[in-house]
Structures are given as structure tokens and as C-alpha cells.
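This briefing is intended to be read alongside the sequence and the three-dimensional structure.

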Amino acid sequence: QVQLVESGGGLVQAGGSLRLSCAASGRTSSSYAMGWFRQAPGKEREFVATISWSGGRTYYADSVKGRFTISRDNAKNTGYLLMNNLKPEDTAVYYCAARYYTSSRDPSAYDYWGQGTQVTVSS
């Protein structure tokens, strides 16, 4: 099994930035795709961004495109989500997820999930 742990969440003012990290352990390898998802109170889990195993392909939800950047450092078994120009609408629990090889926008396609980290953006 693979364990994922998110960190870096917190409380920021609108327009501020945060960098989330996702540390992987267990049966890790470089041949996994990863994604970031978020869930606000009373809402369904929402796709945010994905990155391929090689780092050569990235995809973003329209709501965050141009503001968020997904990246990975396979040598450190760590993924990142840089969030710039944060808005109150970005407030949610953010989760990282992983699956082997092929990336996906569908949360049901992912095999491993972190526990989540809270991001709160005040206006």
C-alpha cells in the first residue's frame, strides 16, 4: 500500500498564496500519476489538478487554471500544489491522490488518498 500525507494548508487572506505538499511512503515508485481534489462543506469532492508519472502532462480545473500549479519531485516522493491569488471560493479541504501510470480527473479512478489539509481563504 501507499500512504499519502498532505501538509501546508492554513488560513490566508484573499489574494495570498499557499504551497501544499503531498508526501508518499510505502510501495512508492515514479510510475504513478497524482491528483489534487478538494471538498467544501456540503459539496461534492471536486477535481483540481493532475500530473502524469513523468511530470510531462498536467491538467487543471477551469476554476483554478492560471492560478494553481501542480508539480512533483519523484526523487523525494513528493507532489506539490502551488496556489496563487487565492479566493474565498477556494476554501475547502484539499486531498492528494495517486494511481499507477495514467492520470484522471475522476476521483473514483484513484487508489490512494491522503487525509486532507484545510485551506481557508478570508475576504
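In this predicted model, strand β3, residues 18-26, pairs with strand β8, residues 78-83, in the antiparallel sense. The pairing extends over six bridges. Within it, R19 has L82 of β8 as its bridge partner.

**Sheet**

- Strands β3 and β8 belong to an open sheet of four strands, arranged in the order β1-β3-β8-β7 with antiparallel pairing.
- The edges of this sheet are formed by β1 (2-7) and β7 (68-73), each of which pairs on one side only.
- From one strand to the next, the twist averages 15°.
- In general, the strands of a sheet pair through backbone hydrogen bonds, in either a parallel or an antiparallel manner.

**Nonpolar core**

- The largest nonpolar core comprises 32 residues, of which L4, W36, V48, F68, L81, M83 and Y94 touch the most other members.
- At least two residues of this core are supplied by each of β1, β3, β4 (32-39), β5 (46-51), β7, β8, β9 and β11 (117-122).
- Strand β9 provides the largest share of the core, namely five residues.

**Surface patch**

- A nonpolar patch on the surface is formed by W53, Y100 and Y101, which together present about 350 Å² of accessible area.
- Y101 lies in the loop between β9 (92-100) and β10 (112-113).
- Because its relative accessible area is 51%, Y101 is classed as exposed, the cut-off for that class being over 50%.

Note on methods:
Residues numbered from 1 in each chain as written. Predicted model: local features only at pLDDT ≥ 70, side-chain atom pairs only at ≥ 80, totals over all residues. Heavy atoms only, no water. Patch = residues over 30% accessible without salt bridge, like charges linked within 9 Å, V, L, I, M, F, W, Y side chains within 5 Å. Areas by Shrake-Rupley, 256 points an atom, 1.4 Å probe, with all protein chains shown as cover. Salt bridge = Lys/Arg side-chain N within 4 Å of Asp/Glu carboxyl O. Buried < 20%, exposed > 50% of the residue type's maximum accessible area, 1.4 Å probe, protein only. Pairing = 2+ DSSP bridges. Axes fitted to C-alpha atoms, helices over the stretch in contact; angles between N-to-C directions. Core = buried A, V, L, I, M, F, W, Y, C linked by side-chain atoms within 4.5 Å.
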